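Biologist: Could you walk me through how to read a structure like this one? I'd like the general idea of each feature, then the actual case.

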Amino acid sequence: MRLVILGGPGAGKGTQAKLLCSDLGIPCLDMGQILRQRIISDTELGQQAKPYVEKGELVPDEIMIQFVRQQLLEPAVAKGWLLDGYPRTSFQAEELDFLLEDLEQQLNWAIYFNVPEMVLKKRSLARSRADDQLGIIERRIELFYQRTVPILEYYELTNRLLDINGEQSPEQIYQEICQRLN
């Protein structure tokens with residue numbers, strides 16, 4: 001199973017990604033977490049991404065596409081994966097499809113957690129990550145609506161979008177995902 005998980009900051013992507021990956025036996029590629037690790041370990045790609053991550057901006061497509069390619073070439077992901085935090089733009093979604101075609105793979109579903117803006121802000125502020133400050137959170141939410149929401153149309157047109165009510169309890173969300181994946 002190859003999945004993309006979409007939603008604004010604080011939508012519950014990480015929680016659901018862990019459950020899905022555990023049940024499906026596939027690795028979770030949390031691009032935000034991997035990027036932060038690469039920044040800390042001072043890799044070349046990490047240093048290219050650092051100024052954008054620190055400001056809450058989206059990392060440019062060229063850097064992210066190169067980064068995702070590296071991740072999808074790892075032997076551990078040969079049988080499936082879940083991408084969290086990528087794609088973030090329609091261009092990246094199309095590039096992901098081209099990359100998967102090159103790798104002779106195919107995306108099964110894009111799972112979108114539909115959560116109102118005020119709920120995203122409240123949940124994000126409740127987390128304790130260093131980069132979860134009000135200004136950065138508001139910028140991330142703004143970017144999400146500007147750039148990420150158009151991806152939904154891309155996946156909807158190709159019949160690969162699962163639109164999930166993200167205001168339910170984590171258990172209800174997970175049940176809805178499982179029912180719709182089957």
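Biologist: Where is the place of A49?

Modeller: Helices here are DSSP runs of H or I with at least four residues, strands are runs of E with at least two, and both are numbered from the N terminus. A49 has its place in helix α3, which covers residues 44-55. Keep in mind that this is a predicted model: local features need pLDDT of at least 70, side-chain atom pairs count only at pLDDT 80 or more, and totals for chains, interfaces and linings use all residues. Residues are numbered from 1 along each chain as its sequence is written, and side-chain values use heavy atoms, with hydrogens and water left out.

Biologist: Is A49 buried or exposed?

Modeller: Buried means under 20% relative accessible area, exposed means over 50%, and partly exposed is in between (1.4 Å probe, protein chains only). A49 has a relative accessible area of 0%, so it counts as buried.

Biologist: And what is A49 in contact with?

Modeller: Contact means heavy atoms within 4.5 Å. If you leave aside neighbours within four places in sequence, A49 is in contact with L35, I39 and V59. Take L35: it sits 14 residues from A49 along the chain, and their C-alpha atoms are separated by 7.4 Å.

Biologist: Let's zoom out. How many helices and strands are there in the protein?

Modeller: The protein has 8 helices and 5 strands. Reading from the N terminus on, you get β-α-β-α-α-α-β-α-β-α-α-β-α.

Biologist: What about the overall form: what radius of gyration does the protein have?

Modeller: That radius is taken over C-alpha atoms, and the globule rule is 2.2 Å times the number of residues to the power 0.38. For 182 residues, a compact globule would come out near 16 Å; the protein has 15 Å, so the two agree. The C-alpha trace spans about 40 × 35 × 30 Å along its principal axes. Of the 182 residues, 47% count as buried. Among contacts with a separation of 6 or more, 75% come from residues 24 or more positions apart.

Biologist: Now β1. How many of its residues are buried?

Modeller: For β1, 5 of the 5 residues are buried, so this strand is largely enclosed by the rest of the structure. Both faces are covered: one side has R2, V4 and L6, the other L3 and I5, and all of them are buried.

Biologist: Which strands do bridges join to β1?

Modeller: Two strands pair if DSSP finds at least two bridges between them. β1 and β3 run parallel and are joined by 4 bridges; for example, R2 has W81 as its bridge partner in β3. β1 also runs parallel to β4 (residues 109-114), again with 4 bridges, and there L3 has W109 as its bridge partner.

Biologist: Which residues does UniProt list for "binding site"?

Modeller: UniProt positions are given in the numbering used here, with shortened feature names, and annotations may be inferred rather than shown by experiment. In an unreviewed entry, UniProt places "binding site" at G10, A11, G12, K13, G14, T15, R127 and Q168. The lining of the largest pocket includes each of these: G10, A11, G12, K13, G14, T15, R127 and Q168. A pocket is found on a 1 Å grid over the protein atoms alone, as an open set of points where a 1.4 Å probe fits, with protein on both sides within 12 Å along at least five of seven lines; lining residues have an atom within 4 Å of a point.

Biologist: Where does G10 lie?

Modeller: G10 lies in the loop between β1 (2-6) and α1 (13-24). G10 is buried, at 11% relative accessible area. Beyond its neighbours within four places in sequence, G10 is in contact with L120, R123, S124 and R127.

Biologist: And R127?

Modeller: R127 lies in the loop between α6 (117-126) and α7 (134-157). At 30% relative accessibility, R127 is partly exposed. Not counting residues up to four places away in sequence, R127 touches P9, G10, D132 and R140.

Biologist: Where is R36, one of the other "binding site" residues that UniProt lists in an unreviewed entry?

Modeller: R36 is in helix α2 (residues 31-40). R36 counts as partly exposed, at 27% relative accessibility. Leaving out residues up to four places away in sequence, R36 touches R129 and D131.
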